[in-house]
Amino acid sequence: MPAIPMAASHAHSPTLSSSETIMAALLSSVPAVRLPSLVRALAADARRQRGRLAFLLLSPPHFARALARLRSMPLPAKAALLGRVLLRSLLMLLPALSPDGSHHLLRLPTPDLDAALLLVAMCDSYSPAASSASPVDWHALLVDDVVRNALSISGLGGTPWATVAPYLDAAAKCRRFADVVSEDRAVAGVGSGNKDSVGRGGASHATVLALPTAPGDGTPCAICREEMAPGRGGVCVLRPCGHRFHWPCALRWLARRNTCPCCRAELPAEDALAETRRLWRAVDRMAGDSGGCA
């Protein structure tokens, strides 16, 4: 992979670009012997996405349904969907961010996946000249672009770098995208005084549902200060820190925050912007870069 030596030589640079940070994190978290298997996993994922997009383009009813769903979304929902797609590329490229592969953004529901594939394809194929017609024939535009990309080096997947490069490009964009959305949310929240408008929020629903239940140990719950009775259930264990709380208390807490009340350990966030920032802090630590994102 041509960019690997470049990233290695910049691993200790005080200021790294997003792409360099990702490559440094990749080199520090994935042993060289596992790089071929990672490339194969990315290639298989890319084939699945291309196959699904081809199916949409070859099936007028499914294409129309996905396009109608996309058009029905307000702009913030489209932005959130695009953010989830970009963040998914980061998770695919750096498996250490989700060691068990259970991260909720790795698996999009089929309606969301179809809308996301169309949205990304429309962003990639858009040009003022090609899209000047009204209404735009998105089907014809996307077909031309898909055929052109399929015949490119990246589309043919002739080299490992051709497989990795699109994921690296999308993953690098997610930090800048989060910054832009954060600025927009901050502006929108100025008049309302809403402090949660810049990417804070509760833990992901999938993460909360997966939390284990344990018996009480007689210690007080840090949220309500009442005893967690020994031998009785109704106590949840937060991961990865292991602190215990009453289930009702934990549910109320995690609906508003994605941190442990005791140690502030972070859980995956439901909000894509908050999750982008959480994961980029992890990427910066993996890369040894002190200039993490706020």
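A helix, in this talk, is a DSSP run of H or I with at least four residues, and helices are numbered from the N terminus. In that sense, Pro 166 has its place in helix α9. Please note that we are looking at a predicted model.

Let me begin with the chain as a whole. Its secondary structure comes to 12 helices and 3 strands. The chain has 294 residues, of which 43% count as buried. Among contacts with a separation of 6 or more, 59% are between residues 24 or more positions apart.

I return now to Pro 166. This residue counts as partly exposed, because its relative accessibility is 37%, which falls between the limits of 20% and 50%.

Next, helix α6, which covers residues 110-125. Does its length agree with expectation, or disagree? At 1.5 Å a residue, its 16 residues should span 22 Å, and the end C-alpha atoms are 22 Å apart, so the two values agree. The buried residues of α6 include Asp 112 and Asp 114, together with Leu 117, Leu 118, Leu 119 and Met 122. What covers the buried residues of this helix? The cover includes α3 (35-58), α4 (60-72), α5 (75-93) and α7 (138-150).

Of the contributions to the lining, that of α5 is the greatest, at 8 residues.

Helix α12 runs over residues 272-287 and contains Thr 276. Is Thr 276 buried or exposed? With a relative accessible area of 3%, Thr 276 is buried, because buried means under 20%. Leaving aside residues up to four places away in sequence, Thr 276 touches Leu 87, Cys 174 and Ala 178.

I close with the aromatic rings. A search of the whole structure finds 0 aromatic pairs. Arg 257, however, lies over the face of Trp 253, at 4.1 Å from the ring centre. Thank you for your attention.

How values were computed. Residues are numbered from 1 along each chain as its sequence is written. This is a predicted model: local features need pLDDT of at least 70, side-chain atom pairs count only at pLDDT 80 or more; totals for chains, interfaces and linings use all residues. Side-chain values use heavy atoms; hydrogens and water are left out. Helices (H or I, at least four residues) and strands (E, at least two) are DSSP runs, numbered from the N terminus. The expected span of a helix is 1.5 Å times one less than its number of residues. Buried means under 20% relative accessible area, exposed over 50%, partly exposed in between (1.4 Å probe, protein chains only). Contact means heavy atoms within 4.5 Å. Rings of Phe, Tyr and Trp (its six-membered ring) pair if their centres lie within 6.5 Å; planes under 30 degrees apart count as stacked, over 60 as edge-to-face and the rest as tilted. A charge sits over a ring if NZ of Lys or CZ of Arg is within 6 Å of the ring centre and within 35 degrees of the ring normal.
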